[in-house]
Amino acid sequence: MSYFKDIFNAVKTLLTGMKITGRYFFVNLFTRRDVITVQYPDNIDTLKMHDRFRGEVIMGHDENNMHQCDACTICENACPNGTIEIIWDKEKNPETGKTQKVLLNHIYHLEMCTMCGECIEACPSDAIEWGQNFHHVTRDRSNLTKSLNRPESILNPNFVKSKK
Amino acid sequence: MENQMENQEFLADKIRTQEYQLNMGPQHPATHGVMRMILQLDGEEIKNVEPVLGYIHRSIEKMCEKSSYKQIIHLTDRLDYLSSHMNNEAVTLLVENALGIEVNDRIKIIRTIIAELTRMASHQLWWGVMGMDTGALTTFMYAFRDRELINEIMEETCGARLTMNYNIIGGLRYDIHDNFVKRVKEFIVHFKEKLPEYDNLLSNNVIFRKRTEGVGIMTKEQVIAYGMNGPTARASGFECDIRKKLPYSAYGMVDFEEVLRTEGDAFARYKVRIDEMWQSMNIIEQLIDKIPEDDFRMKTKPIIKLPKGDFLQRVETARGDFGVYAMSDGGKNPTRFKFRSPSFANLHGLNKMSENTKIGDLVVNFSTIDVVVPDIDR
Amino acid sequence: MILELLNQFMPAEVAFYVELVIIAVVYLGVFALLGLFLVWMERRVAGFFQLRLGPNRRGPSGLFQTVADALKLVSKELTATEGRDKFLHGIAPYFVIVAALMALSLIPFSAELQAFDINLGVFFVTAVTSIEVVGIFLAGWASNNKYSLIGGMRSGIQMISYELSIGMTIVTMTVLAGTIQLSEIVEMQRGGWFIWTGHIPAFIGFMVFMIAGTAESNRTPFDLVEAESELGAGFHSEYSGMGFAYFFLAEFVNMFIISAMAVTLFFGGWLLPFEIGADIPFVGAIIFVVKTLSVVFLMMWFRWTFPRLRIDQLLTLEWKYLIPISMVNIVVMAILVWLGLTF
């Protein structure tokens, strides 16, 4: 008797499973309501990531093309992967007459970055921050090496260096 | 008649059967990454399984010795990437305990909630892959539907979906997002509705039951002898939940059940994880309304130096007992850093489990011990 | 019909051969289109089962996606392992595809549309479809790959075992029909489909036939021959390009043949219930295809819901459950027919 009971139970459990998948099938066939995937490259322009999304490191510039980085190289030291290279020079400030570091090139190797955020955590003047760009696809590896400061940009003269 | 007998003996001499070796992996759909197993087979029956490791070895422990304590945290994301938050937590707790930093309740509770969300996400992924390994391909997408909601919560609050890197020494990287509490509650409501579906689709399915029940039985003694832990060991009745035994973060404040089963077969290992998802929801429900208003990070020195000595911290990840051991000479970097990863310990039992089973059972066993290959190789 | 047309402007003998060629070409075309359509249908159906959309870029609803895939496969290099048995490795896909094609020629799409209507129809289909196992077995053996070999061995065990219960179910239905000519079996159902007239044994027979048929076409839950998570791709691991495409198409066409047989034996072929729309030419073919695709959908539903069995459980299911049940079923059916208890 248990032979038939086994068969009956087996068919019952199989039908339970089929009921679940079948429900999703017909719902999706007629209404597409439960479809969870998105049509990726089509929605690339409207897709917006959350504010905190760690896509890449960027350097903020204001409307006068000024940034906050005084080439202190704290971020370079904080980075565990050697992602950041800072090229700087010493230059005499025409107003005060003091020699100070001037940022020439803030090189960021996106291909080496693990998005750990230690550089942004360490930066004393909030010069670098997270960008929400997620579309890093490129045909050439060298495109991933980026210069974060824009050309011709200069240090904001009244930037604040907070003591973290 | 006699002639026929002779003939058969002659054939038996001529036609021999022999055991043969089959190389499963490193590129194989069932090995969940780059792991290689050398199988000794007699027809379909498995005589011996020999895992070959090292295909994804990145010498993370050595890298840790070169890094400062702040930098170590993000490397632990890359061990067991499915329980990255718990791995981070292990390192931060180690440093905090060594320095004597006592974090406030807000940090503790948020850490615990995120850890439990991560555990659920990990178990969901495992459930989907478990279905795929047994041949039911649809489970994967159903699991990802629910996992996506957790990932969304993580992305909003922590900034990343998988390698969250949300813990820092002495607190959290950001405060929780304004939507966090609301979204977690929505998720709990959603998932309580969907988790029974997991049972109906797979756990109660007669084919799945036949595939898992009585397969790969490990007794409690064997589990202890092989050093296995986590849900895999709890399925054999070995109480080894670090959350209960050595409570850390907010686990002391909540009332939850350590899921134990005694059968020790593949189905028990499966069921333990399903029940752990219920327990995770239980923990989150108890904590989600109790997040006190406070700072989300404590004051720490800019350069962290551990005092001279040895330090050990254990946490319970989704896979089991994850241990971090650090030896310090008082400098910025540890002189020795060692991870005790649960997947590596659990993998030891695979050979014992798979003795005299079929190839199909090996896949099921491998799936139910739920290894993450980068966690094995480090 | 074509023969009469051809007879008008060529000698009778030539016309006969020309007709054969035309029918063969038509069937090859049907075969390819059917395969491509079924692959598309499988992927689309799987998409909806899995909360996805499935192919949706090329053509309406992604209908041309499989055409593009086929073109890709045609253009691919034929790779091969060292130490393979060249001859057998090359010939194996043809066994599978020719068997499927021959079986397709017997399917009665409608009263007019049947290429090859012999009085041994059912028997011939069973015989021809069992050739397929030879191809799979050869592919597994000749590839010089242990995964393929295990897959081939499994297919041998599986398909030969399940052939039995398929055969027995067909016998059960022929007991009811009293003929084994496919077109006549359909004609017998003019009064009512066999699943209705044969009631209990026919229904049990249908369930056994669906289980065994799924196993025959090597689909989940019986896809041990391929067993993606265990054997990679099983017997066709070492095939690329068109060799692989042949296996792939044949698998889907086999599924169609099994479903078509189920429709012929249980669901009245090209007939609608109560003789609605009977005997309108070509409507029958549409009805038949729709019915068959519904049964195909049922098999897809199985595939996207169930896990796979293990090899010993597969044999347990066959020898301990399906064969005894179908044996009893034959007897029950015979008694019912004898006592006239059918509707």
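Predicted model: local features only at pLDDT ≥ 70, side-chain atom pairs only at ≥ 80, totals over all residues.
Which residue in S6(A) stands opposite Tyr108(A)? The answer is Lys146(A), and the sheet around this pair is a handy way into the model. Residues are numbered from 1 along each chain as its sequence is written, chains are lettered from A and ligands numbered from 1 in the order written, and side-chain values use heavy atoms, with hydrogens and water left out.Back to chain A, where three strands make an open sheet in the order S3-S4-S6, with antiparallel pairing. Strands here are DSSP runs of E with at least two residues, helices are runs of H or I with at least four, and both are numbered from the N terminus; two strands count as paired if DSSP finds at least two bridges between them. Strand S3 (84–92) and strand S6 (145–147) are the edge strands, each pairing on one side only. Neighbouring strands of this sheet are turned by 25° against each other on average, direction ignored; the axes are lines fitted to C-alpha atoms (for helices, over the stretch in contact), and angles between N-to-C directions run from 0 to 180 degrees.

S3(A) and S4(A) pair antiparallel over nine bridges, and Ile84(A) has Tyr108(A) as its bridge partner in S4(A). The two strands form a hairpin with six residues between them, and Gly97(A) in the turn has a positive phi of about 85°. On to S6(A): strand S4 (residues 99–109) is joined to S6(A) by three bridges, again antiparallel. Here Ile107(A) stands opposite Ser147(A), while Tyr108(A) faces Lys146(A).

Chain B holds 16 helices and eight strands. Along its principal axes the C-alpha trace spans about 95 × 50 × 35 Å. Buried residues (under 20% relative accessible area, against over 50% for exposed and in between for partly exposed, with a 1.4 Å probe and protein chains only) make up 60% of the chain. Among contacts (heavy atoms within 4.5 Å) between residues at least 6 apart in sequence, 70% join residues at least 24 apart.

Chain B has an open antiparallel sheet too, with three strands in the order S1-S2-S3. Strand S1 (20–24) and strand S3 (45–52) stand at its edges with a single partner strand each, so one side of each lacks a neighbour in the sheet. Strand S2 (residues 36–42) pairs with S3(B) over seven bridges, and Leu39(B) has Val49(B) as its bridge partner. Helix H15 (residues 359–368) of chain B lies across S1, S2 and S3, running at about 150° to S2(B). From chain C, helix H7 (residues 146–177) also packs on the sheet, touching S1 and S2 of chain B at about 110° to the direction of S1(B).

Beyond its neighbours within four places in sequence, Trp127(B) touches residues including Thr139(B), Tyr142(B), Tyr198(B), Leu202(B) and Ile274(B).
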